[in-house]
Structure formats: structure tokens, C-alpha cells
Amino acid sequence: METNGSRFHEALTLLTVAETGSFTRAAEQLGVSKAQASKLVTALETALGVKLLHRTTRRVALTDAGRLYLDFARQARQALGDGERAVSAVRTEVDGLIRLTAPTSLGDGFLVDLLADFRAQYPAVRFDVDLSIGTRDLVGEGFDFAIRMARTLDPNLVARPLGVMREAIVASPAYLAAHAPGGLQEPRQLSALEALRNRNFRDEGRWLLQRGEETVAVPVQGNLAINHFIGLRRAAVLGLGVARLPRYLLREELARGGLVELLPGWQLPATPVSLVYPSREHLPLRAQVFRDFVMAWIGRGGVLE
């Protein structure tokens, strides 16, 4: 007779296969062989008497029964996670694993320094960090925290404001000497220059600049679009055009003269930055400590601006 423990293991395997889209990736995530993962799902199908997955050589897809069962499997995983967090919350030692997802540019900026400072105080805490351009599903993918740069956040998540991300418009001295030797006096002059655009942003063909009560929307154009701030920064340093970049990625280049800020009297709209997490209740001690540390560290260091 199958135990509830083995049934949960089978259900978790099905859930992981569905979320990763393949037995190979699910097996890697679960730390088992591909054959063992397939065997667990087959055993679950046999126990339930229904087919849960359509398998082909290229992909797997849930059947109607599989989609129905998956909802209950997610609830079971969430309930188990809640139980672990509730028990962890009563412990007094700051240890265990924190899974964090954040924008890629924060990893290129200051995030690793933050984690190093945290681990210097709490060396028993381990981190699994996902740096991604996309927005991860915290509950579905099992993340404890996310740092989000957005004006609108999921209302089902708890959000703690960390500050705002400010950008600057920059170019290399060589590019300015060739294309704008007198510098820029007003935002509309940007339209005549080659704009290095971030194709992740819907408004990249129109840069909004503000000065006091005055707002100017400047149409920009360019032949190079890159969905990564570090690539844009490198392109600007090489003199390929003007770029708008977070200030936390510009400090060294501005200090050494590799890049020059344009129109310093004007500002681009600031983007709120928040630390978000799934639940207010039963936070493990390590999560409570990390939440408070992040808020204090970023607020004290002024790293966003």
C-alpha cells in the first residue's frame, strides 16, 4: 500500500514536470534521474487510474485530469511550505535557505555586496539567487523574496518600499565630440542623436524628461536595442550612441570620465523599488531578519540613486 509520503513525492514530481516543461529539467531540480522522475509520475497515474500527462519526444502537456490534479498538488505544496515556515518562525537561530529573485541589473550593481554584508553577520544563512529580466511567480516557483522595480505590484504580495531607481542620460566624450560638440541645451536635441534603446521598455521610442513643473516627451530613434543594462552601458562607452541607465550602474564610468551625463538639470521619471514576499504570517526568523536588513542597508547606503 502506498504511503501518503510517497504519494506527495509523486505529486511534487508531476508539479515540477509541469512547471519546468520537461522531465529532464524536473529531474535536475529534484535531484533524481530522468527515469526515476518518469517512474514517479507513472506510479501516480496508475494509483489514480487516469492519464495526467501527454508525452511526446519533444514536449509534455497536461491532460484535463492533470490540470485538475495540479491545482490540489500546488495547494499541498503551499500548505507544507506554510507549515515549515510556521515551525521555523519559533526558532531562535538565523539559518536555512532564502530564495531571492531580482532584476539582472541589481546583480551587476549592488546586490552581491548586500548579500556579502548579510552573510558576514549571519553565516549560517544560504542563498539561492535568481537574476532575471522576467517577473517570477513567487508562490508557484517557491521564492521567499523578490526585489521589484515597478509602479504596479501584485496586490496578493506584501510589499515594502525600498526607495526609487533614478536614471541618467549618458554618452561617451568621443560620441559627444563627433555628434554634439557644443553639448545639449534642451531635451529636444536628443531626437537628432542615436538612442541606445532597451527593448524591454514599451516607451523606449519616447523619453519623458521633467524639470520642475515642465515635462517634455522626446521622440528618439536608434539602430541598436538591447534588453540588458550592462550591454547598453558598454555600447555607450564604445561611443555607439546615448543611453538612459540607472545611476547605480554609472558611478564608476561617470567618475573616471568614460561617460558624461547629458541634461543634468532634467530628470527621467523615477521607478519605485520594493521588496515583496508572499505572506505576512509565519515568516521564518531568517526571513524576518533578511527583510529588515535589506530595508536598512539600502536606506542607509543610498545605492539606488
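**Before you look.** A residue counts as buried when its relative accessible area is under 20%, as exposed when that area is over 50%, and as partly exposed in between (1.4 Å probe, protein chains only). You're looking at a predicted model, so local features need a pLDDT of at least 70 and side-chain atom pairs count only at pLDDT 80 or more, while totals for chains, interfaces and linings use all residues. Residues are numbered from 1 along each chain as its sequence is written, and side-chain values use heavy atoms, with hydrogens and water left out. Helices (H or I, at least four residues) and strands (E, at least two) are DSSP runs, numbered from the N terminus.

**View 1. Helix α6 has a buried side.** Look along residues 111–121 and pick out Leu111, Leu114, Leu115 and Phe118, the buried residues of α6. These four sit on the same side of the helix, because they cover an arc of only 95° around the axis. (The arc is that of the directions from the helix axis to the C-beta atoms.) An α-helix has 3.6 residues a turn, so residues three or four places apart point the same way. Now turn to the other side of α6, where Val112 and Ala120 are exposed.

**View 2. Helix α9 and its packing partners.** In α9, which spans residues 229–237, the buried residues are Phe229, Leu232, Ala235, Ala236 and Val237. What do they pack against? Here you'll find α5 (104–108), β8 (194–197), β11 (221–225), β12 and α10. Valine 237 touches Ser172, Glu253, Arg256, Gly258 and Leu259, leaving aside neighbours within four places in sequence; contact here means heavy atoms within 4.5 Å. Just after α9, glycine 239 takes a positive phi of about 80°.

View 3. A salt bridge is a side-chain nitrogen of Lys or Arg within 4 Å of a carboxyl oxygen of Asp or Glu, and the structure holds 13 of them. In this one, the side chains of glutamate 19 and arginine 74 come to 3.7 Å, N to O. Glutamate 19 belongs to α1 (residues 4–20) and arginine 74 to α4 (residues 64–88), so the pair ties together parts that are 55 residues apart in sequence. Both ends are partly exposed: glutamate 19 has 31% relative accessibility, and arginine 74 has 35%.

View 4. Arginine 136 pairs with aspartate 130, their closest N and O atoms being 3.1 Å apart. Are the two ends buried or partly exposed? Arginine 136 is partly exposed at 31%, whereas aspartate 130 is buried at 16%. Next, find arginine 247 and glutamate 261, whose side chains meet at 2.6 Å, N to O. This pair links distant parts of the chain, 14 residues apart: arginine 247 is in the loop between β12 (242–246) and α10 (251–256), and glutamate 261 is in strand β13. Arginine 247 is partly exposed at 25%, and so is glutamate 261 at 24%.

View 5. Serine 274, in strand β14 (residues 271–277), is buried at 7% relative accessibility. Its contacts include Ala146, Leu153 and Pro161, not counting residues up to four places away in sequence. Leucine 304, in the segment after α11 (285–301), is buried at 4%. Among the residues that leucine 304 touches, with the near-in-sequence ones up to four places away left out, are Phe110, Tyr248 and Ile298. Leucine 304 and arginine 247 are 57 residues apart in sequence and 7.1 Å apart in space, C-alpha to C-alpha.
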